[in-house]
Amino acid sequence: MRSERRRWSLPLRLLHWAMAALILGLLVLGWVMTHVRTDLGTTFAWYLWHKSFGFAVLVLVAARIATRLLSPAPREAMPPGWQRRAAHLAHGLLYLLMVAVPVAGWMMASASPLHLPTRPFNLFTLPDLVAPNAALFRQLELVHATLAYALLGLVVLHVAAALKHRFIDRDGVLARMGF
Ligand code: HEM
Ligand code: HEM
């Protein structure tokens, strides 16, 4: 029964945890591929996987926003006051960054002077969002990295808040996302 719903809808919970794993993996892979020196073939493969899974995040976040708009929030209230406002702000920013980070990555890949086509999982070629341009590429590199690490910072706060609810407040907030 809708009115008795205590957790987020099942599709939203599945998307939440699948995307959390994907995004944390991409943050690690993004850092590794740009900082760890290895042979060119391996680095190239890392970039291909990063771009493929990064694009998958963009597809999944579109499905998630649609699901979020269609399925009601859990009935059991969040703690009122500043905590609820902070949670709404943080969740809104997380959604914004889940869109902005892959879009910035896609724009960067398009602007690259190397102009290598981006083919997610080798299935199809993504259209270019901008024309190749070395100066723009360097700016977008900075934008993509800055937004990605801002997302990481926000996720750290988000997880700290979830753990506070679980172990300090001992309320049901973590269970709203559980199975
Ligand atoms: C949620 C999705 C994504 C996350 C969390 C993410 C995260 C990151 C991170 C942390 C880095 C390393 C930044 C640095 O330290 O310089 C990086 C680099 C990179 N990302 Fe992403 N990324 C995502 C999606 C994408 C997408 C969709 C594309 C392209 C289609 C892409 C293309 C790249 C490229 C080409 C680099 C290397 C830039 C360079 O060589 O300086 N990323 N990403
Ligand atoms: C990349 C990692 C993550 C992202 C981007 C993320 C994003 C989000 C977003 C946007 C929401 C709002 C509900 C929705 O519309 O889906 C949410 C809810 C939630 N997340 Fe995460 N999350 C991540 C990781 C985690 C982790 C690791 C935990 C647990 C330790 C966690 C615990 C929760 C809980 C308990 C809620 C429900 C809060 C409520 O009911 O208001 N999340 N998350």
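This is a predicted model: local features need pLDDT of at least 70, side-chain atom pairs count only at pLDDT 80 or more; totals for chains, interfaces and linings use all residues.
## The site of ligand 1

Let us start with ligand 1, which is surrounded by 23 residues. The closest of them are Tyr47, His50, Glu141, His144 and Tyr149. If you sort this shell by residue type, you will find 14 nonpolar, 7 polar and 2 charged residues. The helices α1, α2, α3 and α4 each supply at least two residues of the shell, and the largest share, 7 residues, comes from α1.

The side chain of Tyr47 has an N or O atom 2.8 Å from an oxygen atom of ligand 1. Glu141 places an N or O atom of its side chain 2.5 Å from an oxygen atom of ligand 1.

## The site of ligand 2

Moving on to ligand 2, the shell here holds 21 residues, and those that come nearest are Trp8, His16, Tyr95, His158 and Arg176. By type, the shell divides into 15 nonpolar, 3 polar and 3 charged residues.

For Arg68, the distance from a side-chain N or O atom to an oxygen atom of ligand 2 is 3.0 Å. Two or more residues of this shell come from each of α1 (10–35), α2 (40–70), α3 (82–111) and α4 (134–169). The largest share, 5 residues, comes from α1.

| Side chain | Ligand atom | Distance |
|---|---|---|
| Tyr47 | oxygen of ligand 1 | 2.8 Å |
| Glu141 | oxygen of ligand 1 | 2.5 Å |
| Arg68 | oxygen of ligand 2 | 3.0 Å |

## A nonpolar patch on the surface

On the surface, you can find a nonpolar patch formed by Leu24, Trp31, Val36, Tyr149, Leu152 and Val156, which together have about 520 Å² of accessible area. The elements that contribute two or more residues to the patch are α1 and α4, with the largest share, 3 residues, coming from α4. Tyr149, a member of this patch, is also among the residues closest to ligand 1.

Val36, another patch member, sits in the loop between α1 and α2. Its relative accessibility is 36%, so Val36 counts as partly exposed.

## The salt bridge

A search of the whole structure turns up 1 salt bridge. It joins Lys164 to Asp169, whose closest N and O atoms are 2.7 Å apart. In general, side chains of opposite charge can pair when their charged atoms come close. Both partners are partly exposed: Lys164 has a relative accessible area of 31%, and Asp169 has one of 32%.

## A buried serine

Now for a residue in the interior: is Ser110 buried or exposed? Ser110, which lies in helix α3, is buried because its relative accessible area is 2%, below the 20% cut-off. A polar atom of its side chain lies 2.8 Å from the backbone oxygen of Trp106. The Ser110 side chain also has a polar atom 3.1 Å from the backbone nitrogen of Leu129.

## Two residues with positive phi

Which phi value does Asn122 have? It is positive, about 60°, although Asn122 is not a glycine. Asn122 lies in the loop between α3 and α4 and is exposed, with a relative accessible area of 55%.

Arg170 also has a positive phi without being a glycine, with a value near 50°. You will find Arg170 in the segment after α4. At 66% relative accessibility, Arg170 counts as exposed, since the cut-off for that class is over 50%.

Key. Residues are numbered from 1 along each chain as its sequence is written. Chains are lettered from A and ligands numbered from 1 in the order in which they are written. Side-chain values use heavy atoms; hydrogens and water are left out. A residue is near a molecule or strand if one of its heavy atoms lies within 4 Å of it. A polar contact is a pair of N or O atoms within 3.5 Å; within protein, one must be able to donate a hydrogen and the other to accept it, and residues adjacent in sequence count only if both atoms are side-chain atoms. Helices (H or I, at least four residues) and strands (E, at least two) are DSSP runs, numbered from the N terminus. Ala, Val, Leu, Ile, Met, Phe, Trp, Tyr, Cys and Pro count as nonpolar, Asp, Glu, Lys and Arg as charged, and the others, Gly among them, as polar. Patches are made of residues with over 30% relative accessible area and no salt bridge: like charges are joined within 9 Å, nonpolar side chains (Val, Leu, Ile, Met, Phe, Trp, Tyr) within 5 Å. Accessible areas come from the Shrake-Rupley method with a 1.4 Å probe; for residues, only the protein chains shown count as cover. A salt bridge is a side-chain nitrogen of Lys or Arg within 4 Å of a carboxyl oxygen of Asp or Glu. Buried means under 20% relative accessible area, exposed over 50%, partly exposed in between (1.4 Å probe, protein chains only).
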